Amino acid sequence: MAVPELVLRVAEKQLDLYCREQNAAGRTDPGRLAWEAGVDCLTLTLERPPLTAEPLARFRYSTELGQWTLHYHDTEDRWRLYLNAGATLEFSRLLKAVDCDPFNFFWPESSPPPEV
């Protein structure tokens, strides 16, 4: 089921701002952060020249919970639930978890996590 319109718009604005701030700070050079929307999720990617996009994080909305969950892309090309950040109504809380990333689930080794 699709994400409720208002919930989606709030999350998109926060994710858009996050990407702009990280890109402006040059923390992902030579790449840039971008995101794309799915039916029930938003996916954060690292775009690198020439025309490659590496998935970093997926924010999935659960209609059963009415909350967002955070997922990481594993080495087997699957999305796994990130257990260090529980389901939440506060999308910004999940963005902070991506920033912190103490276990290096989201940021590839060649691109260190941004400083908070």
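I count two strands as paired if DSSP finds at least two bridges between them. The model is a predicted one.

**Sheet.** With that rule I looked up the strand order. Five strands form an open sheet, ordered E1-E2-E3-E4-E5. The pairing is antiparallel. I then checked the edges: these are E1 (32–37) and E5 (79–81), each pairing on one side only. On average, neighbouring strands are turned by 30° against each other, direction ignored.

**E1 and E2.** I looked at this pair next. E1 and E2 (residues 41–48) run antiparallel and are joined by six bridges. I picked Leu33 and found its bridge partner in E2, which is Leu46.

**Helices on the sheet.** I traced what each helix covers. H1 lies across E1, E2, E3 (52–62) and E4 (67–73). Its direction is about 165° to E1. H2 lies across E2, E3 and E4, and runs at about 20° to E4.

**Helix against helix.** How do H1 and H2 cross, and at what angle? The axes of H1 (residues 5–24) and H2 (residues 91–100) come within 9 Å and cross at roughly 30°. I therefore note H1 as roughly parallel to H2, since angles under 35 degrees count as such. The crossing of H1 past H2 is right-handed.

Which residues meet there? From H1 I listed Ala11, Gln14, Leu15, Tyr18 and Gln22. They meet Phe91, Ser92, Leu95, Val98 and Asp99 of H2. I sorted the residues of this contact by type: six are nonpolar, three polar and one charged.

Notes: Residues numbered from 1 in each chain as written. Predicted model: local features only at pLDDT ≥ 70, side-chain atom pairs only at ≥ 80, totals over all residues. Heavy atoms only, no water. Axes fitted to C-alpha atoms, helices over the stretch in contact; angles between N-to-C directions. Helix = DSSP H or I, 4+ residues; strand = E, 2+ residues; numbered from the N terminus. Parallel < 35°, antiparallel > 145°, perpendicular 65-115°, else oblique. Left-handed = near helix turned anticlockwise from the far one by under 90°. Contact = heavy atoms within 4.5 Å. Nonpolar A, V, L, I, M, F, W, Y, C, P; charged D, E, K, R; others polar.
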